[in-house]
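I set out to record how the parts of this protein are held against one another. The entries below follow the order in which I looked things up.

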Amino acid sequence: MAAKNQYSFFKNVEKSFDKASVFTTWDNGILQQIKQCNSVYQMRFPIKRENGEIVTLEAYRVQHSHHKTPCKGGIRFSNAVNQDEVMALAALMTYKCAIVNVPFGGAKGGIKISPRDYTPYELEKITRRYTAELIKKNFIGPGIDVPAPDYGTGEREMAWILDTYVAMHPAEIDAAGCVTGKPVTQGGVRGRKEATGLGVFYGLTEICNMPTLMEKVGLPIGVKGKRVCVQGMGNVGYHSALFFQQAGAIIVGIAEYEGAIYNDEGLDVERVWLHRQKTKSILDFPGSKNFEKSSDALEMDCDILIPAALENVINGENAGRIRAKIIGEAANGPLSAEADDILNPKGVLIVPDMYLNAGGVTVSYFEWLKNLSHVRYGRLEKRFTENMNLHIVNQLEELTGKTISTVEKDFIMHGADEVDLVRSGLEETMTAATREIVDIWQKTPAIPDMRTAAYVCAINKVATSYAELGIFP
Ligand code: NAD
């Protein structure tokens, strides 16, 4: 847990929950049950490094809520991992899943390591040992608890988790559903890798298309031409930036842990990424201005700021210097409660993490369903749809005597592939969630901000689910 007087991420989440709960009518007992973490598993295990050194590692898995099972949440590899952080992230997962109608309880895991300090061989040993610890205590399984990638982990680690789980459950037919975010060749779903960034883009696009909200922040409607700054060029940040650029936004600033770069005319995301691959740094990207501190990017002049690295990066110390009109919380918990208190009165629109970055868990849900059904999305209907569309096109040409261009024909005839279906499900989910939260916010003028509206939405859904189970009257 966080030491006294230290920033507590979990307390921050509880504070937001309490602020929202006054706008609900649930009994205090129900609210307390929703708030608590149901199970906290803290573990220590040793690994032998390639140089022969033995190190003992600290790791966690927290299941915040069992109101729906399995529990679901990513696994983080970071030196900053601690029990308080994992509890907070698990709680956010419960609320996030409720908002986007994904039928899971919230969970989160973490290992206190910096992946950059370990070789791939050592990381594999650590991931497999962590999985074995989860299996020992029945903390993983397609119907129990399903991890996914988070900060510092990706497809590779998910494949190691799956392989370890399958080795220990050789007869379990649904074993592939024990983890999501896997490579497609290992039971993953097409579209998962970019899902969180794409969800951030869909959510913010919907916001930018709402005239009342744009009037509030004094910006024109639409994404095109908006000036965007992104902190963190990992999975979430890179894909968020890429989708914004493709939609005509101008990416003016990008930050990584080594520093930040700025170009008023716009940075090409793909080229910045390639530059970093080549030089090991985003700094000195041709045509851009260097900033020594990564945090400088947060204070850059832009319309939309997307923090996509870690929590508590905008806090009581720097919030007063933020110039963005919209902050899209792609990371979990990037703003502290003090930052909210400073930025909300200034009219900055804070689009909260607990729904904005829900694209990952939404597509993880699709992957889990794919694993349980043992069939690729689109496999049964793709050819049927194409044959039917071809027939309609032929009939149209015959009846009208006109020819439809090849480009149009190809577009009309195309039957949905897996990635088409996944993206369409994601867009629908993010758009519907945005409208639901904004609707709650606008119908109750006393609700002060969008984060509180999102919590009200989540609390009502989790509490209703308890009530429907008959646990509470
Ligand atoms: P990642 O490890 O792929 O990327 C994070 C990036 O941030 C890395 O490139 C890292 O170098 C960079 N970074 C670290 N410290 C920084 C700093 N001070 N300034 C600038 N950059 C810094 O992680 P990710 O999966 O993209 O996760 C990022 C955030 O998004 C986390 O808060 C995570 O919980 C959240 N999130 C991730 C997913 C997902 O599907 N991966 C889903 C929901 C939420």
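**Salt bridges and a domain interface**

I began with Asp449, which is buried at a relative accessible area of 5%. I note that the model is a predicted one. Asp449 pairs with Lys19 in a salt bridge, and I read 3.0 Å between the closest N and O atoms. Asp449 sits in the loop between α15 (418-443) and α16 (450-469), whereas Lys19 belongs to helix α1 (residues 9-21), so this pair ties together parts 430 residues apart in sequence. Lys19 has a relative accessible area of 32% and is therefore partly exposed, the band for that class lying between 20% and 50%.

I next looked up Arg451 and found its side chain in a salt bridge with that of Glu329, at 2.8 Å from N to O. Arg451 is in helix α16 and Glu329 is in the loop between β11 (326-328) and α10 (337-343); the pair links distant parts of the chain, 122 residues apart. Both Arg451 and Glu329 are buried.

For the whole protein I noted a count of 32 salt bridges. I also found a network of salt bridges that links Arg76, Glu85, Lys108, Asp150 and Glu311.

I then turned to the domains. The division is into domain 1 (39-186), domain 2 (195-356) and domain 3 (380-468). How many salt bridges does the rule find across the interface of domain 1 and domain 3? I found zero there. Three residue pairs are in polar contact across that interface, both residues of each at pLDDT 80 or more. On the side of domain 1 that touches domain 3, I counted five nonpolar residues, four polar and one charged.

The centres of domain 1 and domain 3, taken over C-alpha atoms, are 31 Å apart. In contact are 10 residues of domain 1 and 12 residues of domain 3. The two domains bury about 900 Å² between them, with 72% of this on carbon and sulfur atoms. Which three residues supply more than any other three of the area that domain 1 buries against domain 3? I recorded His67, Tyr95 and Ile99, which supply 56% of that area.

Notes:
Residues numbered from 1 in each chain as written. Predicted model: local features only at pLDDT ≥ 70, side-chain atom pairs only at ≥ 80, totals over all residues. Heavy atoms only, no water. Domains from an automatic or database assignment. Contact = heavy atoms within 4.5 Å. Buried area = accessible area lost by both parts, 1.4 Å probe. Salt bridge = Lys/Arg side-chain N within 4 Å of Asp/Glu carboxyl O. Polar contact = N/O pair within 3.5 Å; in protein donor to acceptor, adjacent residues only side chain to side chain. Nonpolar A, V, L, I, M, F, W, Y, C, P; charged D, E, K, R; others polar. Helix = DSSP H or I, 4+ residues; strand = E, 2+ residues; numbered from the N terminus. Buried < 20%, exposed > 50% of the residue type's maximum accessible area, 1.4 Å probe, protein only.
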